[in-house]
Amino acid sequence: MKKIYLDNASTTPLRPEVVAEMTKVLLEDFGNPSSTHSFGRSAKVLIESARKSIAKQINATASEIIFTSCGTEANNWILRSCVRDLKVERIITSKIEHHAVLHTVEMLAKEYGIQVDFVNIKSNGEIDFTDLVELLSQGKKTLVSLMHVNNEIGTVLNLEKAVRLCQAHNALFHTDTVQSIGKTEIDVQEVPIDFLVSSAHKFHGPKGAGFAYIRKNSGLQPIFFGGEQEKGLRAGTEAVHQIVGMAKALDLAYENLDTERTYISELKRYAIERLEIDFPESKINGEETFYNILNVNLPLSEEKASMLLFHLDMKGIAVSRGSACQSGSVKRSHVLAEILDNEEIKKPNLRISFSHYNTKEDIDVLIETLKSV
Ligand code: PLP
């Protein structure tokens, strides 16, 4: 049975070139980058050239890139340090953020008593900018944390607009770009974001590697302490092979961006067309969503719905219901809960997310399988 992977917002398969690069490092460059001998120095060189190359991709300087273990860690660090060290008294965020942001903000509210405001979300999944302006005009030292591309429905934040509003109101701006880095252009000079986070496994790199972009002179402090790695901001021996793999994956992602974006957009268009033909009553969640994510409500009975993922899995097809952290449990999606009414939210929902490794045949098999449920 040919397996079909349509869950690329959850994680992506590694590119072979990335595996080759990582394997080379694992076999040949095992030195500790903090050691002063040649083994250590070689490893250090690898890390610093990875940093330079990642920085270049988003038009940052190398010193503004700090390696972390994942996107979750980077989000936690930035939000926490903003409150603890930069004395942010209020966070404006949204209820459709990833839990790496939402749960951190909840915890910070408990620990530090900061004010948390949730900006309104429109029924198409977009941020209500009028509400954001209203919230921003209330004074207090504020951090705005809004994700770029939503991992469940694929709605896209207008980063430029969000940043300009924050600047005009003297608020700091953090964005979770885990779903967008490597899949769209981001230029931190053109769009002066204060903090962003990324995760290698979402752009065909390894799991266990991410990075934070921290704008120069931001004053952010470490959340844990130890060695002098990452200028003391993130202690712990660097995972050299992961970092090198991440840089390689990002290079390849941007090198192939135009071709792959066009190809994947066409796959998504085709999937929508097939859904419209075979499931005319299906409904896409979110409007003008990102080109690799398609979130759809299917006109199936509740009884069939409960078997849906299991049935697809038995046929070797991987898609998601809600977000990855929630699949496997029956928890409702906190994102869909914000944009759907009581009736719509009961309907079976699928998140289909594509990569350049998918084909139209994959979509045909998915649709035929859905028809047989
Ligand atoms: N933020 C978003 C938008 C995500 O989609 C994810 C992963 O699903 C994360 C954060 C967490 O990233 P990581 O898996 O690197 O911790």
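A salt bridge is counted here when a side-chain nitrogen of Lys or Arg lies within 4 Å of a carboxyl oxygen of Asp or Glu. I applied this rule to a predicted model, in which local features need pLDDT of at least 70, side-chain atom pairs count only at pLDDT 80 or more, and totals for chains, interfaces and linings use all residues. Residues are numbered from 1 along each chain as its sequence is written, and side-chain values use heavy atoms, with hydrogens and water left out.

**Entry 1: the domains**

I looked up the domain bounds, which come from an automatic or database assignment. Domain 1 covers 4–12 + 256–372, and domain 2 covers 16–255. Their centres, taken over C-alpha atoms, are 27 Å apart. To the contact (heavy atoms within 4.5 Å), domain 1 gives 32 residues and domain 2 gives 36.

I then read the buried area, the accessible area (1.4 Å probe) that two parts lose on being put together, summed over both. For domain 1 and domain 2 the value is about 2,800 Å², with 52% of it on carbon and sulfur atoms.

I found one salt bridge across this interface. Separately, I noted that Arg261 is bridged to Glu185, with 2.9 Å between the closest N and O atoms.

**Entry 2: the ligand**

I listed the residues surrounding the ligand; among them are Cys70, Thr72, Met147, Asp176 and Gln179. By class, the shell holds three nonpolar, seven polar and two charged residues.

I next checked distances from ligand oxygen atoms to side-chain N or O atoms. The value is 2.5 Å for Ser199 and 3.4 Å for His98. For Lys202, a polar side-chain atom is 2.6 Å from a ligand oxygen. The ligand alone exposes 390 Å², of which the protein buries 89%, by the Shrake-Rupley method with a 1.4 Å probe.

Methods
A residue is near a molecule or strand if one of its heavy atoms lies within 4 Å of it. A polar contact is a pair of N or O atoms within 3.5 Å; within protein, one must be able to donate a hydrogen and the other to accept it, and residues adjacent in sequence count only if both atoms are side-chain atoms. Ala, Val, Leu, Ile, Met, Phe, Trp, Tyr, Cys and Pro count as nonpolar, Asp, Glu, Lys and Arg as charged, and the others, Gly among them, as polar.
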